[in-house]
Amino acid sequence: MSEGLEAEIKTNPQGDPITSAPEAPKADSAKGRKDPHGAAKSQVEVSPEFMFFEAPREREFITGSECAKEAVRRSNVDMSVAYPITPQSETLQLIGVLYGEGYVKEFYRGEEEYGVMSAIAGASRAGVRAFTATAGPGTLRGLEPIVSWAGHRLPAVCMFTCRVVNAPLAIQPDNIEIAYLLHSGMLVFHAENQQDLFDFIMKAFIISEKNDVTLPVGVCCDGFFVTHARGYCAMPDKKFKLPARDPYRGSVPVLDAENPPARLSRDAPVQKSNFMAYNIHAVWQQEVWAGVERSRKYIEQYMDGLLEAQDVDGADVLLVASGSAAAQSREAVRQCQERGIKAGLIKIRSLRPFPTNELRKLCGKAKLIVIPEFNYTGWLAKDVATAIYGFSNAKIVAGPHVYGGMSMPVEMITDEIECGLTGKKSNTVPPSAIMGVADPAAVAEFMKSI
Amino acid sequence: MELTKELEDAIVAPGPQGFHPPSAAELGVLTPDKGHGLKFGHVVAEELAMEAMARTMLTRKNATIFPGPLVLWNWNEHAADKARAVLELAAQLPEVLVIPMPDYRPKYPKVEPEEVINPNHPNLTIWGNKIEACIFIGVHCHYANLTLKMIRAGTNCWTSAICAEQGHEDAMFTVRDSDAAKIRRVVAVFKRVREEMGIKLPENGENVRFTGLQSRVHDGITHTNPLNFGPSVDPESGNAAAFGHKAENMKSEG
């Protein structure tokens, strides 16, 4: 690399300086050249516990894409495969920068998402730690191989920067694609902000590679709101990295054509349907979902639980939300509390596994549950209602919903709370999206207290 | 009486459980923490799980050890040592059968149940040999879990799993973190339980019963001494250790 190139300031596609990019190392005066992989080579492996809980952290004001880059830098990733799609493109472009710096050992651009997801499958089956990212239509194009990851018991991490799915064509925020991932057998986490994205990606690698899990993880965030906006992210020093993947501790043999018995790693032709009886496929599916269940204890251990509860004790109104909707809901809770309404927030971090028992405990005494979402179909509301059926008498409002690139004004949420409590007709949520009926006498008594 | 009560309380009860029973995980049973095992789906001290395995293997018909690839192939010195420990375990069980699961490839057009067991249709080997108790050891966890689910659904076989990792909730009895040292602890428990039950081993040490097929390939003899079999660790013989597999890859404890 020439001296001139070394002095060049790195910028993102919008021309902004990349604040998290490392300073260009000084040239070795003796040799006149520097090792572009020098900083990566000097990284020290630390335990996940040290990385997540003990290492000192410093805050930076960076975009979600830069957070993903910094997470991958510290995650000892062996391989990443890229294919651009808005709003994900910048993320994998930055992973390409990491490849140039030696933090990622192998990296290339695939021909499209089906090929990318298939390559990630091959990499993971061969025993390396793999990362990729996609969005919206890219998610759906890659869905067939993505859905096969779990059945192949492939630990890998894919970041989904959710956006509208065609048609009509749009690139705006909308998280409908999560609905398709919820039944894929992978673990699904939903990041609210830049900090979540950084933490969830790193922790996803460790959880996915646990022997009794051995499953892929989808780390989702709402495109643009998180990927392109800047937020504060506290990060450990980049001299640390997670331990490498130990593929020989996985629940299936790795594809190892060099070590005998090589035959073993080619066994079980899980794609040869003529070899598979119904019974084996049925228990195979049970086993994938058992792996999802087994991940709960690791999510508890590393992510402080499948959900986060704020001001829930004694709350009459609960907002249940994930992703960016949790941020809007947090402000709605604050405004409600200022008006004397006992409101609390349940932010769901893990959509798969789903925090069923936690919700049953937390929602038992609520009078009203409002579930704001950034999609039309309300996949979260369906899961919440199913989980707490019979465990709560609350009225459940499946909304408000915004989609197609809309933002969600906080007033949309507070209006629904008011409508839910008073029985006033909602301007945004249809009657068909309201489940359960609160006791009118209890509501009247509640209204006197405000 | 005690066993009757335990069976009434069993979450992961012996089969046949029916056409398509829920998995143990669906029943709320998950793998035990370190130092613990599972007995019928309940977390118990691992010594109790070992004792339950021993009593089952010593009393039910056609008890069988199913060794898997992690102890059948000569991956490294630790795998060879584990294999020796498995043979020591077999040496504690009169009339025990040993049928391998050497790989995970479906055996079509027809499995030979006296030769192998396979995770894609393990019920055929169980039925074919009328096996009512078994131990899986050295099987990769995913394939062990498939096998255990299918056996519980369709057979009356009581299953045990001695696992090098976190254990198996779909087995009736399981212990975890089983490296060679832990397997030898299991051997000691089996010996104690056998002696408490007054069950003697044959004086010539030939306590392992060959299947019909195994007998035919061993010139018609019906029994053998398991300790006469043993893996060799010869780095020159092309074993996996010569290609970089280290014992640390498989070792879980001390």
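Trainee: Where in chain B is the place of Phe40(B)?
Mentor: Keep in mind that this is a predicted model. Phe40(B) sits in the loop between β1 (36-39) and β2 (42-45) of chain B.

Trainee: What is the phi of Phe40(B)?
Mentor: Start with the general idea. Most residues other than glycine have a negative phi. Phe40(B) is not a glycine, yet its phi is positive, about 55°.

Trainee: Is Phe40(B) buried or exposed?
Mentor: Count C-beta neighbours; 20 or more within 10 Å make a residue buried. Phe40(B) has 21 C-beta neighbours inside 10 Å, so it counts as buried.

Trainee: Which loop of chain A holds Phe224(A)?
Mentor: The loop between β8 and β9 (230-236). Phe224(A) has a positive phi too, near 65°. Phe224(A) is buried because 20 other C-beta atoms lie within 10 Å.

Trainee: How do I read the peptide bond from Thr86(A) to Pro87(A)?
Mentor: Look at omega. Most peptide bonds are trans. The bond from Thr86(A) to Pro87(A) is cis, with omega near 5°. Pro87(A) lies in the loop between β3 (79-82) and α5 (89-101) of chain A. The bond from Arg352(A) to Pro353(A) is also cis, with omega near 0°. Pro353(A) is in the loop between β14 (350-352) and α15 (356-363) of chain A.

Trainee: Now strands. Why is β13 of chain A largely enclosed by the rest of the structure?
Mentor: Go residue by residue along the strand. Six of the six residues of β13 (residues 343-348) are buried, so the strand is largely enclosed. Then check both faces. Ala343(A), Leu345(A) and Lys347(A) point one way, while Gly344(A), Ile346(A) and Ile348(A) point the other way.

Trainee: In what sense do β11 of chain A and β13(A) pair?
Mentor: Antiparallel, over four bridges. In this pairing β11 spans residues 307-310. Glu308(A) stands opposite Lys347(A). With β12 (residues 317-321) of chain A, β13(A) runs parallel, joined by five bridges. There, Val317(A) stands opposite Ala343(A).

Trainee: What do β12(A), helix α14 and β13(A) make?
Mentor: A right-handed β-α-β unit. The helix, α14 of chain A, covers residues 324-338.

Trainee: Step back to the domains. How is chain A divided?
Mentor: Into domain 1 (43-248) and domain 2 (308-448). Their centres, taken over C-alpha atoms, are 29 Å apart. For the contact, count residues on each side: 23 of domain 1 meet 19 of domain 2. On the domain 1 side, β7(A) gives the most, with five residues. That side divides into 16 nonpolar, four polar and three charged residues.

Trainee: Which residues touch the most other members of the largest nonpolar core?
Mentor: Ile201(A), Val219(A) and Ile369(A), out of 192 residues. Helix α10 (residues 194-208) of chain A gives the most to this core, with nine residues. Domain 1 and domain 2 of chain A both give residues, so the core lies between them. Leaving aside neighbours within four places in sequence, Ile201(A) has contacts including Ala68(A), Val72(A), Met159(A) and Val219(A).

Trainee: One last residue. Where in chain B is Ser215(B) found?
Mentor: In helix α8 (residues 212-217). Ser215(B) counts as partly exposed because it has 16 C-beta neighbours inside 10 Å. Beyond four places in sequence, Ser215(B) touches Phe210(B), Gly220(B), Ile221(B) and Thr222(B).

Notes: Residues are numbered from 1 along each chain as its sequence is written. Chains are lettered from A and ligands numbered from 1 in the order in which they are written. This is a predicted model: local features need pLDDT of at least 70, side-chain atom pairs count only at pLDDT 80 or more; totals for chains, interfaces and linings use all residues. Helices (H or I, at least four residues) and strands (E, at least two) are DSSP runs, numbered from the N terminus. A residue is buried if 20 or more other C-beta atoms lie within 10 Å of its own, exposed if 12 or fewer, and partly exposed in between; C-beta atoms are placed from the backbone. Two residues are in contact if their C-beta atoms, placed from the backbone, lie within 7 Å. Domain bounds come from an automatic or database domain assignment. Ala, Val, Leu, Ile, Met, Phe, Trp, Tyr, Cys and Pro count as nonpolar, Asp, Glu, Lys and Arg as charged, and the others, Gly among them, as polar. Two strands pair if DSSP finds at least two bridges between them. A crossover is right-handed if, with the strands pointing away from the viewer, the path from the first strand over the helix to the second runs clockwise. A nonpolar core is a set of buried Ala, Val, Leu, Ile, Met, Phe, Trp, Tyr and Cys residues joined through C-beta atoms within 7 Å.
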